[in-house]
Amino acid sequence: MMRSYKYEIFTSVIEGQIRNRILLKGERLPSVREIKSRYQLSTSSVQSGFEYLMMKGLIESSPRSGYFVSSIEEDRISQVRTDLIPVVRDAVFAKNVMLTSARNKPSESSSFHMAAPGDLLIPQKLILRTMQEVIREKGAALLRYYPSNGLYELRKQISIQMAGHGCVFNPDELIITDGALQALTIALRAVTDPGDIVAVESPCVFSVLEAVANLGLKIIEIPVHYENGFDTDYFRKVCTSNDIKAVVVTPNFHNPTGILMSDNAKKELLAVASMHQIPIIENDIYSDLYFGGKRPRCIKSFDDSGLVMTYSSFSKTLAPGIRLGWLHTGRFYARSERARFVLGRSVSPIYQELMLKLLQGTGYERHLRSFRKQLNRQAIELLDALRHYFPKDSYFHNPEGGYSIWGKLPEGTDMKKFFDYCDKNRILFTPGNTFSLTDEYSHHFRIVFADRITSESLALLENAGKKAKELLEERKREGGSGKS
């Protein structure tokens, strides 16, 4: 299990006060001496805590004056807000296939694009030991078909886990799936027909665009903003002029931006969807990877009508090879069950029994606690490097969970040359245009910190930052400032 640090007893308090706007931009923080006395800490522990908050971009140091709440986060938000014209589009994603599948190759160089735990962060001993126990206990039974909707004991255990987070599920409304993408596909098939319009986030993770396209559906993109996440006002307006059949959202630690919707925003989205009777398909896959004190609530926890369908998977928290997810179908169980049946008889029995045993024990929760701490530290380290190496006017969003950082280079940067350089040197950021059917995110890119950060990966990051600075200076010398 990851060690904790003594300074966390005061840094968690200060971080919470900053994020909740109790401490505002420019306010002076208590001195090292005050913190040392209040929390009975050593001077080195207090200084380490302030350095930790500085690395996160939350505070700044002024020589001989002390520490102050940083202005970085607030001042740059307005620069990256995107306002889209509401247009219904066919989900054609050939360019995205080239930008993603072509990169899924083993590489000795650092990878910042694989949204799954790296080998060094996977709890291999826990998984393999538990799998061996399952094989000894179940034997030949693992070679038979399991129920098409999944093992009842596993569905019950998932319901118990979710109830602990304030979300009450009926196990009989749960379907075990072969990963999150299959769960999303089942949900879409249950509530739409080819040609229907589906609202998605913008930017939106590629797999959602892929699923929508494969079902012959049309897309309308709803902006995601740093202030509140999913733009519910925009969605409300779109619903009055379009026949939306479903909305797909990732409210907790959205991929690629890492944004967390507030509970009020989740309730507002549910209210708009309820008014128009639009099913909400909620991706809850990153919610267990929170960096704060507790797991954020999902939209389903506010729903008493069955309009919300929630899905998740264990591939993001355990290992990408664990192809096991789940879908809570709400009021749409019958149609979801039919859609599930045609996709295959049942999910791998050994994965079902493995997850059942892990959820019944304490090993999985211990792993999650360790994993969250590691991801948080890697996010801080990566953000510190990005802000140090890249052009001054770049923006990098500080995530509160998950493992994505959403970045934006200044408008004058030649992004084609930048991505060509990165690809040539195996610095695998994911280009922003991968996450939309528009060209709104041509200067954006996603950075993933799901693998252990090494001196080599930081050196590559420094090289990428130098290249970005060179390209920006080159464009300034040429007198150009438009988009590439």
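Reader: Hi! How many residues does helix H7 have, and how far does it reach from its first C-alpha to its last?
Author: Hello! This is a predicted model, and in it helix H7 covers residues 152–163, which is 12 residues. Its span is 16 Å, close to the 16 Å expected at 1.5 Å a residue.

Reader: Which residues of H7 are buried?
Author: They are Leu154, Arg155, Gln157, Ile158, Ser159 and Met162.

Reader: And what covers the buried residues of H7?
Author: The cover includes strand S4 (174–177), strand S11 (325–328) and helix H13 (349–360).

Reader: Let me step back a bit. How many helices and strands does the protein chain have?
Author: The secondary structure comes to 16 helices and 15 strands. The chain has 484 residues, and 55% of them are buried. Among contacts with a separation of 6 or more, 77% are between residues 24 or more positions apart.

Reader: Nice. What is the average pLDDT of the protein chain?
Author: The average is 87, and 89% of the residues score at least 70.

Reader: Where does the pLDDT stay under 50?
Author: One such stretch is residues 73–81, for which the model has 21 contacts beyond four places in sequence. Residues 480–484 are also below 50, and that stretch has 16 contacts beyond near neighbours in sequence. Where pLDDT is low, the predicted coordinates should not be read in detail.

Reader: Good to know! Now the sheets: in what order do the strands of the 4-stranded open sheet come?
Author: The order is S12-S13-S15-S14, with antiparallel pairing.

Reader: Which strands stand at the edges?
Author: Those are S12 (395–396) and S14. Each has a single partner strand, so one side of each is left without a neighbour in the sheet.

Reader: Which helix packs on the sheet?
Author: Helix H14, residues 363–389, does. H14 touches S12, S13 (404–408) and S15, and its direction makes about 10° with that of S13.

Reader: Over how many bridges do S14 and S15 pair?
Author: S14 and S15 (residues 444–448) pair over 2 bridges, in the antiparallel sense. Threonine 430 stands opposite arginine 446 in S15.

Reader: What about S8 and S9, do they run parallel or antiparallel?
Author: S8 and S9 run parallel, joined by 3 bridges. Valine 247 has isoleucine 280 in S9 as its bridge partner.

Reader: Which way do the residues of S9 point?
Author: Ile280 and Glu282 point one way, while Ile281 and Asn283 point the other way. All of these are buried.

Reader: Changing topic: which peptide bond is cis at proline 203?
Author: That is the bond from serine 202 to proline 203, with omega near 5°. Proline 203 sits in the loop between strand S5 (197–202) and helix H9 (206–214). Another cis peptide bond joins asparagine 255 and proline 256, where omega is about 25°. Proline 256 is in the loop between strand S8 (244–249) and helix H11 (263–276).

Reader: Why point those out?
Author: Because most peptide bonds are trans, and most residues other than glycine have a negative phi.

Reader: What is the phi of glutamine 277, then?
Author: Phi of glutamine 277 is near 55°, a positive value in a residue other than glycine. Glutamine 277 lies in the loop between H11 and strand S9 (280–283), and it is partly exposed at 46% relative accessible area. Arginine 426 also has a positive phi, of about 55°, although it is not a glycine. Arginine 426 is in the loop between helix H15 (415–424) and strand S14 (430–431). At 25% relative accessibility, arginine 426 counts as partly exposed.

Reader: How many disulfides does the structure hold?
Author: The structure holds 0 disulfides. The cysteine sulfur nearest to that of cysteine 298 belongs to cysteine 167 and is 3.3 Å away.

Reader: Is cysteine 298 buried or exposed?
Author: Cysteine 298 is buried, at 1% relative accessibility. Cysteine 422 is buried too, at 1%.

Reader: Last one: where is tyrosine 226?
Author: Tyrosine 226 is in the loop between strand S6 (218–225) and strand S7 (229–230). Its relative accessible area is 11%, so tyrosine 226 counts as buried. Tyrosine 226 and methionine 261 are 35 residues apart in sequence, with their C-alpha atoms 9.3 Å apart in space.

Key. Residues numbered from 1 in each chain as written. Predicted model: local features only at pLDDT ≥ 70, side-chain atom pairs only at ≥ 80, totals over all residues. Heavy atoms only, no water. Buried < 20%, exposed > 50% of the residue type's maximum accessible area, 1.4 Å probe, protein only. Expected span 1.5 Å × (residues − 1). Contact = heavy atoms within 4.5 Å. Disulfide = S-S within 2.5 Å. pLDDT = per-residue confidence, 0-100. Pairing = 2+ DSSP bridges. Axes fitted to C-alpha atoms, helices over the stretch in contact; angles between N-to-C directions.
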